[in-house]
Amino acid sequence: MADQCMLGWILATLFVLFAIYCLVIKKKERGTKKDLLESRSESVNCTATANEECRSGNVSDADVIIVGAGVAGAALAHTLGKDGRRVRVIERDLTEPDRIVGELLQPGGYLKLIELGLEDCVEKIDAQKVFGYALFKDGMHTQLSYPLEKFHSDVAGRSFHNGRFIQRMREKAVSLPNVHLEQGTVTSLLEEKGTIRGVQYKTKDGQELTAFAPLTIVCDGCFSNLRRSLCDPKVDVPSCFVGMILENCQLPCANHGHVILGDPSPILMYPISSTETRCLVDIPGQKVPSISSGEMAKYLKTLVAPQLPPEVYDAFLAAVDKGNIRTMPNRSMPAAPYPTPGALLMGDAFNMRHPLTGGGMTVALSDIVVLRNLLRPLRDLNDSPTLCKYLESFYTLRKPVASTINTLAGALYKVFCASPDEARKEMRQACFDYLSLGGVFSEGPVSLLSGLNPRPLSLVAHFFAVAIYGVGRLLLPFPSPKRIWIGARLISGASGIIFPIIRSEGVRQMFFPATVPAYYRSPPVM
């Protein structure tokens, strides 16, 4: 009876906390408009013409200008071009990118790729199918498979070299006669009477040019120099990745991503070709050991290597000795758009989450599907008031999918990091044991992770189911005062992890989205 009362008290507390967050969130979101208006002057130039309508009708170089030709920009260019839009893409560097992230596409993202007609972009690049995850902790492991039974046999995750994938999408985009891709650096957006009319950019040979279009979409990545004019960027850097390629490494579970719950934080491994495995070692904070002085190699060999499965140990040490070690800060940034007529942000320039769950490309491709379906009924993009209304709907319609993936990434990273705190240790162990139960206990979270079932309420339900599962283990069979105290702190800690993330994503739009506009036509369910 005492246990039931304690559990009832804990659940009631959770509901009260959630209600408080819902009530106060509106006040916390006010008061930013003035700051946003001031920051816009940094990357926006004002233009003036004698005849605005003449300039819009006759001087526009395209229907849409896309800044950046990464995953989001290239996919968007092909998608809008296929719908008959005249698309002009300006990319800073057209050589093949060489990155250590953006290499794992979840099954939900692959479904979006099919929906956009881009599934052949994972062909001819030695991409590997991924069927789930293997989770390791303290010498034990559990295998978590994607729930793919209801889909075509080709549907799975894909892992690959990021640069090869992007080059394939660029080739696909420019195969359309109405898509023009050029190399140049966009320096500012051109604004006239509060509406973005185009961009100013510098060509490869240093020539300053301007381009005009009724719609400008900024997809210039995580280092965007234009986002301040279109959103309120609050970039957080919780950790850094140390990346290496392991050659001819046989992973314990073939065709699976591997997550090692190490100390102080997770280690990721997944195949990116038939002979190469990407290894990403997470280091909390913004400072990493020096590579040039040898401190990084020592850190990897003495602290990280002993925590790895024995099957990959030798390949890991060989990769460290080879010396091709790279680092990258992991950024997260909630979407906080400043609706601007004639312009839109997409991709990492708009919204970022911790890359632990590999959800970035899934979010970007999902956003492109939403935008495509919004714009299809609107043939004339020069109708600024109508276009602005459609673009504002985009921010609402993207929320359930994007916010679920974003929240899961942030919450899982915090849970998977090691901590000396007893409640955090219990939460981490409870998460591993909960997923190890199999059945609905693993299928639900993996469906969220894979982008196959990105539902906010399902995310919250599973997150607190893990916490309650952890509390139950503490209280049974005989609760002690210390265990009861740790259990209460575990629930409090779980609330402290997930509620701030949900709040940053926007409670109302995430859980209570506005009615879908009549002009929006949802794509068929695959």
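Trainee: Why does Phe394 count as buried?
Mentor: Buried means under 20% relative accessible area, exposed means over 50%, and partly exposed is in between (1.4 Å probe, protein chains only). Phe394 is at 0%, so it counts as buried. Phe350, at 1%, is buried too. Keep in mind that this is a predicted model: local features need pLDDT of at least 70, side-chain atom pairs count only at pLDDT 80 or more, and totals for chains, interfaces and linings use all residues.

Trainee: How many aromatic pairs does the structure hold?
Mentor: Eight. Rings of Phe, Tyr and Trp (its six-membered ring) pair if their centres lie within 6.5 Å; planes under 30 degrees apart are stacked, over 60 edge-to-face, and the rest tilted.

Trainee: What makes the pair of Tyr133 and Tyr146 edge-to-face?
Mentor: Their ring centres are 6.2 Å apart and their planes stand at 90°, so the pair gets that name. Tyr133 sits in strand S6, and Tyr146 in the loop between strands S7 and S8, 13 residues away. Helices (H or I, at least four residues) and strands (E, at least two) are DSSP runs, by the way, numbered from the N terminus. Both tyrosines, Tyr133 and Tyr146, are buried.

Trainee: Why is the pair of Phe350 and Phe394 tilted?
Mentor: Their planes are at 35°, which falls in "the rest", so the pair is tilted; the centres are 6.5 Å apart. Phe350 is in the loop between strand S18 and helix H9, Phe394 is in helix H10, and so the pair ties together parts 44 residues apart in sequence. Along with Tyr395, Phe350 and Phe394 form one aromatic cluster.

Trainee: How do you know that His256 makes a polar contact with Gln143?
Mentor: A polar contact is a pair of N or O atoms within 3.5 Å; within protein, one must be able to donate a hydrogen and the other to accept it, and residues adjacent in sequence count only if both atoms are side-chain atoms. The side chains of His256 and Gln143 make theirs at 3.3 Å. The His256 side chain also reaches the backbone oxygen of Ala254 at 2.8 Å. His256 lies in the loop between strands S13 and S14, and is buried because its relative accessibility is 6%.

Trainee: What about Ser273: buried or exposed?
Mentor: Buried, because 4% is under the 20% limit. Ser273 is in the loop between strands S15 and S16, and its side chain makes a polar contact with that of Glu276 at 2.8 Å. Not counting residues up to four places away in sequence, Ser273 touches Asp126, Gln128, His161 and Arg164; contact means heavy atoms within 4.5 Å.

Trainee: Why is Leu437 called partly exposed?
Mentor: Because its 44% lies between 20% and 50%. Leu437 is in the loop between helices H12 and H13. Ser442, in helix H13, is buried at 12%.

Trainee: Which residues form a nonpolar patch with Leu437?
Mentor: Val440 and Phe441; the three share about 280 Å² of accessible area.

Definitions and conventions:
Residues numbered from 1 in each chain as written. Heavy atoms only, no water. Patch = residues over 30% accessible without salt bridge, like charges linked within 9 Å, V, L, I, M, F, W, Y side chains within 5 Å. Areas by Shrake-Rupley, 256 points an atom, 1.4 Å probe, with all protein chains shown as cover. Salt bridge = Lys/Arg side-chain N within 4 Å of Asp/Glu carboxyl O.
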